[in-house]
Amino acid sequence: MSDSDPKAIWNGRYARQALACDEDWLQAWDALLPRSGTALDLGCGDGLETTRLLDRGLAVTAVDISVQALARARQRNPQAQHRRADARELVGMADSSFDLVLAHLSLHYFDRADSLRAFAEVARVLKPQGLLLAGLNADDDVNYGAPADASGWGLTMVDGLPKQFFTEAKLLELLTATSLQAVQLRKRESLRYGAPKSLWELVARKTGA
Ligand SMILES: C[S@@+](CC[C@H](N)C(=O)[O-])C[C@H]1O[C@@H](n2cnc3c(N)ncnc32)[C@H](O)[C@@H]1O
């Protein structure tokens with residue numbers, strides 16, 4: 001694995017320091033979140049959001065590509081299941097097994113083909129009528145690398161990592177290609193990294209009975 005491998009970069013970051021941020025953005029979606037059942041925290045990082053899902057009564061499986069992130073997350077949330085997995089191939093996760101998939105800032109590292117794979121995996125592991133709640137880089141996230149024109153699917157290198165910046169049209173294309181239906185899509189400004197960060201918050205439901 002080279003130093004430019006995203007896994008190595010994330011491992012290096014989590015080995016140096018915790019990255020979780022106290023901003024409780026989930027609170028705004030409280031009414032939509034289930035209070036029982038199963039949740040997948042996809043790209044869980046050091047696990048602060050896993051804690052918030054556990055606090056709401058959900059049985060949580062937390063996954064990340066970084067073993068260093070998972071080491072921190074396990075320490076924070078011993079009552080959750082933790083697995084190393086790539087969002088594009090959720091090995092070992094059964095079809096239709098989650099009521100909720102939370103993917104906060106973890107699904108915007110891929111080109112079109114890999115984004116389609118990751119969204120298809122989310123749809124596969126969600127139960128029918130299950131919800132995806134995702135936070136994703138927005139096309140106008142200029143403080144954190146958004147290009148002048150984000151309408152194409154090219155990736156932008158930011159601090160050594162390839163990043164995708166989403167227009168509404170690109171997100172809707174991903175939903176249309178999978179069995180996910182938009183429930184809400186809105187932009188939010190986050191202050192978790194200091195300067196304002198523009199991101200999409202997406203809620204989508206898996207169709208079917
Ligand atoms: C910006 S951090 C967000 C962490 C956490 N969700 C939060 O909001 O604090 C992005 C996370 O996604 C993970 N990640 C990046 N690429 C991934 C992939 N292909 N599959 C699974 N996780 C990935 C990283 O290791 C990192 O923990």
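Predicted model: local features only at pLDDT ≥ 70, side-chain atom pairs only at ≥ 80, totals over all residues.
**Around strand β4**

- Strand β4 spans residues 98–104, and six of its seven residues are buried.
- Strand β1 (residues 38–42) also pairs with β4, in the parallel sense and over three bridges.
- Within that part of the model, D41 has L102 of β4 as its bridge partner.
- Together with helix α4 (residues 112–125), β4 and β5 make a β-α-β unit that is right-handed.

**Aromatic pairs**

- Across the whole structure, a search finds four aromatic pairs.
- One of them joins W153 and F166 edge-to-face, with 6.0 Å centre to centre and 85° between the planes.
- W153 sits in the loop between β5 and β6 (156–158), and F166 in the loop between β7 (161–163) and α5 (168–177), so this pair ties together parts that are 13 residues apart in sequence.
- W153 counts as buried because its relative accessibility is 16%, under the 20% cut-off.
- F166 is buried too, with a relative accessible area of 0%.
- Elsewhere, W10, Y14 and Y109 are linked into a cluster by ring pairs.

**Charges over rings**

- R13 lies over the face of W10, 4.9 Å from the ring centre.
- For W29, the charged end of R186 sits over the ring, at 4.0 Å from its centre.

Key: Residues numbered from 1 in each chain as written. Heavy atoms only, no water. Buried < 20%, exposed > 50% of the residue type's maximum accessible area, 1.4 Å probe, protein only. Helix = DSSP H or I, 4+ residues; strand = E, 2+ residues; numbered from the N terminus. Pairing = 2+ DSSP bridges. Right-handed = clockwise from strand over helix to strand, strands pointing away. Phe/Tyr/Trp six-rings, centres within 6.5 Å; stacked < 30°, edge-to-face > 60°. Lys NZ or Arg CZ within 6 Å of the ring centre and 35° of its normal.
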